[in-house]
Amino acid sequence: MADQLPETLGPLLREAQARLAAAATDDPALDARLIVEHFSGTTRTQAIADPERKVDADIVAEIDAALRRRAGGEPVHRILGYREFYGLRLSLSPETLEPRPDTETLVEAVLPFVNAIAAREGVCRILDLGTGTGAIALALLSAVPTATATGVDLSAGALATATRNAGQLGLARRFTALQSDWFEKVSGRYHVIAANPPYIPSEDIGNLQDEVRNFDPRLALDGGADGLNPYRIIAAEAVRFLETEGRIAVEIGHTQHDQVSKIFTVAGYVPGGAFRDLGGNDRVLVFERIKP
């Protein structure tokens, strides 16, 4: 059994880091700090300025339990119950994909168009397919006060999480949750259809990092035999729900640029831009619907 954790802030932080380092976690210093600060309600400045600050025994016990979970492979943000995305704090649940910085590329890719439509028409209607935590939709709503969004997901649990996030961020009035298998129950027309769909080939799921394979929902990962099934569905069905000259924006796997582009161009869409993430990988494709 691991040694008992100290009950003063500085030594507690050092021991937390040592435990996670011994467990070979990717970034033990950061993870230890996030866990200790979250459960103790302290800041990095306090740990430096007041290392002998007393931490209640019950809080130390919570930190101990969190460290054990992290050492066992659970992602740190799953333990904290939230993750920051585009400056927003989003609650997580077992039914939601953990939003990652790469997906912010999609928000940045369509934001100028959303702003332009909202300025011209007084509103921009957004459809977020596979909304999960609501990350994409809520980020766009937070940036464009006259935009509205419908978040679609097959998972009721995911929609409950997205709805909770919308409420916590003061965006509930402009966000609608819709349980639907892709477009099955969607109605109306939208200026932007956005999606971070499942795009991992089924047989590759077992090769993913443990933190992804064991904790992200398979529904949000598995894109079928070749990972492209969701793109085929979106390309085939979106035209009935997209405004003339509207935009479709999809996140892709870094090797899928050509395949996904072909799916949409064959379906009659015009490429509207390709965007790379901070790592320099192909991450987002935008397509335009031309006038009929």
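Me: What makes the approach of the Ser-40 side chain to the backbone oxygen of Val-36 a polar contact?
Reply: The oxygen of Val-36 lies 2.5 Å from a polar atom of the Ser-40 side chain. A polar contact is a pair of N or O atoms within 3.5 Å; within protein, one must be able to donate a hydrogen and the other to accept it, and residues adjacent in sequence count only if both atoms are side-chain atoms. The side chain of Ser-40 also makes a polar contact with the side chain of Thr-42, at 2.6 Å. This is a predicted model, in which local features need pLDDT of at least 70 and side-chain atom pairs count only at pLDDT 80 or more, while totals for chains, interfaces and linings use all residues. Residues are numbered from 1 along each chain as its sequence is written, and side-chain values use heavy atoms, with hydrogens and water left out.

Me: Why is Ser-40 called partly exposed?
Reply: Its relative accessible area is 21%. Buried means under 20%, exposed over 50%, and partly exposed in between (1.4 Å probe, protein chains only), so Ser-40 counts as partly exposed.

Me: Which residues does Ser-40 contact, leaving aside its neighbours within four places in sequence?
Reply: They are Leu-9 and Ile-59, where contact means heavy atoms within 4.5 Å. Leu-9 is 31 residues from Ser-40 in sequence and 8.8 Å away in space, C-alpha to C-alpha.

Me: Why is helix α1 called oblique to α2?
Reply: The axes of α1 (residues 9-22) and α2 come within 8 Å and cross at roughly 135 degrees. Angles under 35 degrees count as roughly parallel, over 145 as roughly antiparallel, 65 to 115 as roughly perpendicular and the rest as oblique, and therefore α1 is oblique to α2. Ser-40, in α2 (residues 28-40), is one of the residues making this contact, as is Leu-9 of α1.

Me: What makes the phi of Ala-24 worth noting?
Reply: Phi of Ala-24 is near 60 degrees, a positive value in a residue other than glycine. Most residues other than glycine have a negative phi. Ala-24 sits in the loop between α1 and α2.

Me: How do you know whether Ala-24 is buried or exposed?
Reply: Ala-24 has a relative accessible area of 60%, and is therefore exposed.

Me: Why is Trp-182 called buried?
Reply: The relative accessible area of Trp-182 is 17%, so Trp-182 is buried. Trp-182 also has a positive phi, about 55 degrees, although it is not a glycine. Its place is the loop between β5 (175-179) and β6 (190-195).

Key
Helices (H or I, at least four residues) and strands (E, at least two) are DSSP runs, numbered from the N terminus. Axes are lines fitted to C-alpha atoms, for helices over the stretch in contact, and angles run from 0 to 180 degrees between N-to-C directions.
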